[in-house]
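Student: Could you walk me through the metal site in this model?

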Amino acid sequence: MQAGKLRRPQTGDGHDFRGHRGQLAAPGRTTSTVAMVLLLVFTPSCRPPEPEPAAAQAGLVITGANVIDGTGAPPRPETSIFVRDGRIAAVTPDGGLSLPEGATVIDATGKFVIPGLADMHVHFGLGAPLPRQPDETEQVLARELYYGITTILQLGATDGSTESIRALRERRAAGALPAPFIYGTGGHLTLQGTHPVYTVFPPAVREAADRLAAATPMSEPVDLYTLGLGISFVRTEEAARSAVRERAAGGMDAIKITVESGPTSFGDDHPQMSVEMIRAIVDEATRHGLRVFAHVSSPDELEAALEGGAAGVVHAPQNEPLPDASVAERMAAAGFIVAPTLSLFADPPDLDDPFLRATVSEEEVAALAEPGFVERVRPRWECCAPFDDLLASVGLLHARGVPLVVGTDTGNAYVFPGYSVHRELELLVRAGLTPMEALEAATRGAAEMIGAEEEFGIIQPGRRADLLILGANPLDDIRNTRSLEAVIVEGRVVDRAALSLQEAGHPAVASEPAAADRASPSIGEAWRAAAPEDLGLRRAPLAELTELLRAGEPYPSVHAVCYEVRAVGSEVAVFESERVRSRQGGR
Ligand SMILES: [Zn+2]
């Protein structure tokens, strides 16, 4: 598809939706060439966008809207929303308050305003079988925002350590990163020998992880941060408690654990976290005011999480149907939350969908459409229960009163940042939720999941002013969330055009944010200083690099995530992680 044919984001009724370039400047895209990776490694420049002047926060008023406030209440017609200092100040019938002097007024007559959407299961990756791009995390965040995702919960893995999440938050707060509000778990807690390191990651990562484990006392978590991964092995309760304390001290918002033994597309021979271990993690997390959410694939794993006191699961059990309704009843009684990630298990979306192609490049689509790659991912769709059975399970959970939350598991192939939230809403409606209930799962329910209901999720005074203006009523058809005309995050109107692929001639690459990131002393310097051999990495002649990066590693969802290159004389070293830094620096 030519750039000129890509969909231009709508900009409403001629209001200036583009006056905030400081906060929301183009995040940059790269062409994922070897040259670009090398350029960034050696580019010292650091020029983050200017923070937006405080004067621009004089106030914002949206008038004339049909407001769907996220509480489940019917839409309120002809309503005004007053925003000040990034928060909702008042919600009144039109004319109920006079317009503040100097405020920006958006006439949303006849349009629909909903709370910004949340994705409560996010990983930082684009999911295409291409070399990881230096600014891939930034691209994920920008795409989320483009599609009206104003809040995410990041659940570990690539770029998901406590330190990485904190650094991203700081850049966002300084106005240097167009991104949703980022909640995070830090690295997820799992066992050595199971998901995801021993199921979907390349052998080299597994071997490096085993080396780290051998050098770590059993009483300590084995943090894979030096491999660029927010993942920790916990082999004793003492280590697990220590890992929880590290995340709590680092300002994380929840704890994620992996309870996975199969059967799934990646086998049936992995150790499963014990109920006793889950209980210890929940106990320590509770001391620090954090809830624990589990990755599970099957009903028995879900039952272990429930019995261990976890607050919920971040997948519906997909490999077999729930045995009976009694589990759902126990879950409902406990207020046990489920983020089903239907987007992960549904067939891939139409790769030619213009709404998708607004952010997903020709190169990514070509790679995702490549038959060999599709075959490698196929077990994910075909391993387990038919998708209709999964929909039925989710429908059963909903009917029995189990709270459902929107989570997509973006970062996996065919689960696209931001776009997949709109798809998840559709799939939840297919599972039996009303459009209103589906919206609540992406707004109020998401906030309640992590105890942040005073912060976001509904349109009421005091909450962050995260608002979407839609051209059509999502209660008539949930697909109308795609009629997105404006995204407002913490009171600022997002320059969606700058976040899309729309404009021919728009610079394809903006390396500053990634270069700035590279230059951070905590990551960049140590990374540059480390010798590849010390890190157990291999070298390859430059000419072979592309082949190496594309070589058929049988790990479709993540294999592209785990390589990085660096020039070493006339050769390049292929780093088997996204970010490599010294072990000392990571502890
Ligand atoms: Zn996940």
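Tutor: What follows is a short talk about the metal site and its surroundings. This is a predicted model in which local features need pLDDT of at least 70, side-chain atom pairs count only at pLDDT 80 or more, and totals for chains, interfaces and linings use all residues. Residues are numbered from 1 along each chain as its sequence is written, and side-chain values use heavy atoms, with hydrogens and water left out.

Student: Which protein donors does the zinc ion have?

Tutor: They are His121 (NE2), His123 (NE2) and Asp409 (OD), lying 2.0 to 2.2 Å from the zinc ion; donors here are N, O and S atoms within 2.8 Å of the metal (3.2 Å for Na, K and Ca), and because water is not among the atoms, sites may look incomplete.

Student: How are the donor residues spaced in sequence?

Tutor: The spacing is H-x1-H-x285-D. Histidine 121 lies in strand E6 (residues 117-122) and aspartate 409 in the loop between helices H14 (387-399) and H15 (419-431), so this pair ties together parts that are 288 residues apart in sequence. Helices (H or I, at least four residues) and strands (E, at least two) are DSSP runs, numbered from the N terminus.

Student: Is histidine 123 buried or exposed?

Tutor: Histidine 123 counts as buried, because its relative accessibility is 13%, where buried means under 20% relative accessible area, exposed over 50%, and partly exposed in between (1.4 Å probe, protein chains only). Histidine 121 and aspartate 409 are buried as well.

Student: Where does histidine 123 lie?

Tutor: Histidine 123 is in the loop between E6 and helix H3 (136-146), and a polar atom of its side chain lies 3.0 Å from the backbone oxygen of glycine 156.

Key: A polar contact is a pair of N or O atoms within 3.5 Å; within protein, one must be able to donate a hydrogen and the other to accept it, and residues adjacent in sequence count only if both atoms are side-chain atoms.
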